[in-house]
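Work through the exercises below with the sequence and the structure in view. Try each task before reading its solution.

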Amino acid sequence: MIPRPYFESPIVMTTVRLVAPFALTYGIFVTLHGAGSPGGGFQGGVVITSVVIMIAFAFGVGPTLDWTDERVVAGLFGGGVLAFGAVTLITVPFGGSLLRVDALPIPTKYAIEAVEVFIGAIVAGVVTSLFFLLSEGGEEE
Amino acid sequence: MTLALELALVGFVLSTAAATALLRDLLASIVVFAAFSLGVSIIWVILQAPDVALTEAAVGAGVMSVLLLVTVAKTARSPDDAPLVSVNPKALAVVLVLVLVLVTTLPALPPVGDATAPALQETNEGGTTPYGYYIGNAYDETGVENAVTAVLVFYRGFDTFGEAVVVFSAVVGALILFGGGMRRETE
Amino acid sequence: MTGIAESLLTQYYHVVFVLLLGIGVYTMIDAKNLVKKIIGLNVFQVSVFLFLVSSGYLEGAEPAIVKDGGGPYVNPLPHVLILTAIVVGVSLTALALALVVRVYQEYGTLDEEHLQEVMSDD
């Protein structure tokens, strides 16, 4: 395996420190505003993943993996799938069939936004773990 | 004016795709692939699909290129002298046959943007088409203005649940391949 | 023959779809490196997305944000299919790249012909 030198570049580190909070805010904004303007869960999830990748570029993959704990990332996508399954099943006792969120007592718009947040969590967790697995997984050479 | 812009964009997309196929160095191929994704996401904006454009820009030019770069960093890229790959005539013949067969079916398709296309009719003999129903009733039944979100979560929510499970199983597969953890196992 | 040529000039998105499909299939067949085959698979997928989204486009229409009294809207159904397909495509590519990394760790090479020799020796 070819050696992978990690350059500590002050330009990249400073730029990432400045840009990362705004990009994270934009990702959450796009996720939550999926109802009234273009956006939604998929887009926001991928933008949040690119923030984590940007931080991994600047500070190295190992320190980034220590900062975002691998259990948090696994909990994001595992919990997201379970929450989506719970929303699917919870409409049945209220009188609708599976995933008919208009049978719930809350307005339909909030149920749809909640599902978008779960989708965003799932997509962010999955793509982040795939990135960490590709760059750090496997046996030591 | 817009037609010239669209044709220029289409030419850019085709030339970057051809460069991706013909460059020998893998790193150059990946960089040109990122430019190809950027051109395609601008095409999505011209075709009035902003959700798809956001996703394609974030995925194609961002995450996908990074994943490819990480893979190339972990494996070898064989350095060679010639910058371009020599074209294989047998593969080119197979591809030309496929392209010619598909081109002969193109005149049967309606032109892009034609208002008489069957996909863009609001009603037909069977009643209201899905397109007419979604556009007409998305705001009344869900309170959501973005028709794409309404269709994705409310009208076709089960497909989205299936997609979430497919993506989850991709991560489970990758975890099994790498021995169950995200960290490098040190001996 | 002139009928085909005329309709090709007005349907340039369909021509782009067929050409990109050809480029994607050529890369998948011809490339020796496994990672390049995966890049060809992605080009092929993007061409199919282009065909589906262009089938929902209406000339002079607005994006599908439904307001009262707005103009004609594009068909939102292909957009939904393509959104799901793009995300599934990225996780499929990531899983394929994970397989490629494991193949490299096991056999030490990513060249298609060397791999066939090495694997038939096992």
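Two residues are in contact if their C-beta atoms, placed from the backbone, lie within 7 Å. The model is predicted: local features need pLDDT of at least 70, side-chain atom pairs count only at pLDDT 80 or more, and totals for chains, interfaces and linings use all residues. Residues are numbered from 1 along each chain as its sequence is written, and chains are lettered from A and ligands numbered from 1 in the order in which they are written.

**Exercise 1.** Describe the contact between chain B and chain C.

Solution. Step one: chain B gives 72 residues to this contact and chain C gives 69 residues. Step two: assign elements, where helices (H or I, at least four residues) and strands (E, at least two) are DSSP runs numbered from the N terminus. H3(B) brings the largest share of the side of chain B that touches chain C, 13 residues. Step three: sort by type, with Ala, Val, Leu, Ile, Met, Phe, Trp, Tyr, Cys and Pro as nonpolar, Asp, Glu, Lys and Arg as charged, and the others, Gly among them, as polar. On the side of chain B that touches chain C, 54 residues are nonpolar, eleven polar and seven charged.

**Exercise 2.** What is the fold pattern of chain A?

Solution. Chain A has five helices and zero strands. Along the sequence, the pattern reads α-α-α-α-α.

**Exercise 3.** Why is H2(C) largely enclosed by the rest of the structure?

Solution. Step one: a residue is buried if 20 or more other C-beta atoms lie within 10 Å of its own, exposed if 12 or fewer, and partly exposed in between, with C-beta atoms placed from the backbone. Step two: 14 of the 19 residues of H2(C) are buried, so the helix is largely enclosed by the rest of the structure.

**Exercise 4.** State the confidence for chain C.

Solution. pLDDT is the predictor's confidence in each residue, from 0 to 100. Chain C averages 87, and 94% of the residues score at least 70. Among the elements of chain C, helix H1 (residues 2-10) has the lowest mean pLDDT (69) and helix H3 (residues 34-55) the highest (93). Where pLDDT is low, the predicted coordinates should not be read in detail.
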